[in-house]
Amino acid sequence: MFTLHSDYQPAGDQPKAIAQLVDGLQAGLRAQTLLGVTGSGKTFSIANVIQQVQRPALVIAHNKTLAAQLCNEFREFFPDNAVEYFVSYYDYYQPEAYMPRTDTYIEKEAMINEEIDRLRHAATQALLSRRDVIVVASVSCIYNLGSPHTYEKEVMHVRKGSQELQREHMMRRLVEMQFERTNADLTRGHFRAHGDVLEIMPMNEETVYRVLMDDEEITAIHQLDPVTRKRLREIDDLWLFPAKHYVVSSERQSHALHSIRQELQARLAELEAAGSILEAERLSRRTRYDLEMIEHVGSCNGIENYSRYFDGRAPGEAPQTLLDYFPRDFLTVIDESHVTVPQASGMYNGDRARKETLIEHGFRLPSALDNRPLQFEEFEQKIGQVIFTSATPGPYEQKTSARVVEQIIRPTGLVDPMVTVRGVTPDPVILRRPKADEESHRDPSVAALPQDDKPYPGQVEDLIGEIEQRAAKKERVLVTTLTKKMAEDLTEFLQEKGIKVQYLHSDVETLDRITVLTDLRKGAYDVVVGVNLLREGLDLPEVTLVAILDADKEGFLRSETSIIQTIGRAARNARGEVILYADELTGSLKRAMRETERRRVLQIAHNKEHGITPRTVEKRIGDIRAVIGGEEERDVKHVLALELTAEPHEIKKVIAEKEGEMREAARRLDFETAAILRDEIALLKQELNS
């Protein structure tokens, strides 16, 4: 059973939203939308829904970082249940591609993150062995994963006292399950044998299982610590899942190779008939090499392009994905649906366009098209009942949802920030700031509000004055620009004016982004200037002003959705305010301001009725740099200066300790810390071997 653990009860609009969503699910509604404003506790509401309906759940987010954040939140709510993390296991991925114009072929390159691979296996194994499972995934969940029926069929059950699995039989089964034999240190997906002792490290755990046999009978099964080799406990039985999601029997492999050869002959005949001799020769050479590799080694580079034959699928048939591992009655939650839905719907066409070029020029067989993500229509058919969550639902959610549930009132009593327009405009509606007694009684149909009567000096000069006011009160400011260059130039200009400022955009490394935001919260900076990174997922309670420059430049960064999301960054503080710098009121600006004002009216009325005083969100300021050794910037060699002077046996101890810390960081989904520790371990090992 799902059991929700929390120190607080649903408040604000949460009780009503939870009740409506549960009622909709029980009534069989295919799709619902939870329209929740920033900071209203949408994740807590969904957790309550999951507990009440008691159904396995798939939560889809649009990037790995947001997925990790959601996974940790759900783990806090459901510590006694299985909350798993499923994202792409590539640290780096360059897909195979061909550019005819320059005759450039780019071979597939990939760097697999073993820890994320372990978490993927933990997710699928949990789904096949229990019902109290929540999987938080990125859109990689719609890519081919292999058959869950074949995966489950290959599971091996090892029992104490059993004589069914003899030593040679167990080793043969492990090889069929894609485990690799080794005589060196055990890593995940490997086993080793010494006499009547068999040691195995599964893919989903950082632990070693030792199976002891006597006269072909299993006498004991011990669980060991992988580093210290200390015996942790003795168990009576052990379930071992395959080391790879893609498992193929020898019979299926033989049939697949025969079918690939048939397709090759047919395709070569087509190319030769069309006079494409170069393409035919290229395809023949590459495919025959792949077939030889599969036949003798069991795999080849790009083996996924032949997945249709190994899966036994018909041409054009949908691949089997993570969604097929769920039971029929699972619930799907699509977080930040205004971003995630378009992302999922665009995957198929992009993948197909790249592969069609490869096929046309003889790099791949036509069957490679069936190694693909789900088409959006196939995705819709597989997800069952769905709840979209967003502060700004897109057209698709609005069209397909049978019910839109609003969560406008925050448990904290915070209201959406007041929005002010500043600019050169003849519109008299925006030439004054409302008086204090007008603020809560403004007509929500008014699309634009307020500017002071004083002359407008220009957006940057006006912004400097606003920043200085807030810096004097030790408050923080976020500024959004249209381009990276504008962000950097504005940062340089503000620095010349003596303002503590830093820019933030996609060229800034992940760890540096975290450092900048931490410094902003601590007061090392008063201002951070960014492009569109200041939208979903930023939680900065110290920010009291968000300024949007060039707000009237219609486009993706200044659409109604983007503006509402950006306005939400100021909704964590009771004194939050947003300034839109614009020379004219675009349609997007009017709609965004009208919606913000509608929410403010509801929130203020609720607070007045219940005597609630809004309170700023309080959030502990964590600092990832504390993990890596201090406040100031340090490189890996600086951090390890002392360790690098130690004796070899001491360095080995440090490596073992850091490997344990790295595994723990990865278990918490803190991959930035894990990556830093990985680099430190690599340097220590290099020193040890030198």
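Here is a short chat about a predicted model of a protein.

Colleague: How much of the protein is buried?
Modeller: Buried residues make up 51% of its 690 residues.

Colleague: And what about the accessible surface?
Modeller: That comes to about 32000 Å², and carbon and sulfur atoms account for 49% of it.

Colleague: OK, the inside then. Which residues have the most contacts inside the largest nonpolar core?
Modeller: Ile 50, Phe 74, Phe 78 and Ile 134 do, in a core of 37 residues.

Colleague: Which helix gives the largest share of this core?
Modeller: Helix 3, with seven residues. Among the others that each supply at least two are helix 1 (14-26), helix 2 (42-53) and strand 17 (331-335).

Colleague: Let's zoom in on Ile 50. What does Ile 50 touch?
Modeller: Leaving out residues up to four places away in sequence, Ile 50 touches Phe 2, Arg 55, Ala 57, Phe 74, Phe 78, Ile 134 and Leu 331.

Colleague: Is Cys 141 buried or exposed?
Modeller: Cys 141 counts as buried because its relative accessible area is 1%, and the cut-off for buried is under 20%.

Colleague: What about Cys 300?
Modeller: Cys 300 is buried too, with a relative accessible area of 9%.

Methods
Residues are numbered from 1 along each chain as its sequence is written. This is a predicted model: local features need pLDDT of at least 70, side-chain atom pairs count only at pLDDT 80 or more; totals for chains, interfaces and linings use all residues. Side-chain values use heavy atoms; hydrogens and water are left out. Buried means under 20% relative accessible area, exposed over 50%, partly exposed in between (1.4 Å probe, protein chains only). Accessible areas come from the Shrake-Rupley method with a 1.4 Å probe; for residues, only the protein chains shown count as cover. A nonpolar core is a set of buried Ala, Val, Leu, Ile, Met, Phe, Trp, Tyr and Cys residues joined through side-chain atoms within 4.5 Å. Helices (H or I, at least four residues) and strands (E, at least two) are DSSP runs, numbered from the N terminus. Contact means heavy atoms within 4.5 Å.
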